[in-house]
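Open the model in your viewer and keep the selection tool at hand. The stops below go from the whole chain to single residues.

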Amino acid sequence: MRRLKNTVLLTMLFSAMAFSTVSAQDFTDQEVKDYAIILMAQKSITEKISPLVNGYIAQQEGIDGKRYDALNKAAKGDVSKLPADATDLEKGFYGQMQKLVKARTKAAGTVVSNLAKYSLGAKQYNAIKKAYKSDSALKAKVDGIMAAM
């Protein structure tokens with residue numbers, strides 16, 4: 001009796017796992033394409049952040065890329081965590097750059113959220129996002145669409 005009970009439990013467990021596993025075949029081509037478009041929109045915004053910050057660094061007297069990187073490594077985006085040796089100029093500049101980075105990052109998040117909500121729906125977007133991380137076939141399909149764009 002105990003063996004039968006364990007067999008039934010294992011069968012139920014494997015059945016549940018089979019239904020919870022999502023693969024590339026579980027999404028339509030249009031859904032996969034919509035997900036790729038969302039990733040491209042996000043990438044379009046976030047890829048421009050570093051070049052923009054680097055451009056401002058190049059124009060700012062009294063701070064260079066090496067110093068900014070050192071400040072950023074110490075503060076990790078939080079102006080209050082800048083090292084004690086940071087000058088007022090560096091604190092002000094770093095603070096302005098963090099505002100810029102946060103605004104762009106927030107904009108990217110808003111774009112993703114709106115596109116996900118109105119093109120795929122939040123539930124389907126999250127399902128594809130989860131599958132994209134674990135399903136190499138789906139990842140390859142999405143990446144291929146993005147490369148073609």
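What is the mean pLDDT of the chain, and what share of its residues reach 70 or more? The mean is 86, and 83% of the residues reach 70 or more; pLDDT is the predictor's confidence in each residue, from 0 to 100.

This is a predicted model, in which local features need pLDDT of at least 70, side-chain atom pairs count only at pLDDT 80 or more, and totals for chains, interfaces and linings use all residues. Residues are numbered from 1 along each chain as its sequence is written, and side-chain values use heavy atoms, with hydrogens and water left out.

**Whole chain.** Colour by secondary structure. There are seven helices and zero strands. Helices (H or I, at least four residues) and strands (E, at least two) are DSSP runs, numbered from the N terminus. Of the 149 residues in the chain, 25% are buried (under 20% relative accessible area; exposed is over 50%, partly exposed in between; 1.4 Å probe, protein chains only). Take the contacts (heavy atoms within 4.5 Å) with a separation of 6 or more: 67% of them join residues 24 or more positions apart.

**Residues 4–20.** Select this stretch next. Its pLDDT stays under 50. The model gives it zero contacts beyond four places in sequence.

**Helix α2.** Select residues 29–46. Now show V32, D34, Y35, A36, I38 and L39, the buried residues of α2. Their cover includes α5 (88–120), α6 and α7 (136–148).

**α2 against α6.** Axes are lines fitted to C-alpha atoms, for helices over the stretch in contact, with angles from 0 to 180 degrees between N-to-C directions. That makes α2 roughly perpendicular to α6 (65 to 115 degrees; under 35 is roughly parallel, over 145 roughly antiparallel, the rest oblique). Show the side chains: E31, Y35, I38 and L39 of α2 meet Q124, Y125, I128, K129 and Y132 of α6.

**K76.** Finish in the loop between α4 (65–75) and α5, where K76 lies. What is phi of K76? Near 50°, a positive value in a residue other than glycine. Most residues other than glycine have a negative phi. K76 is exposed, with a relative accessible area of 70%.
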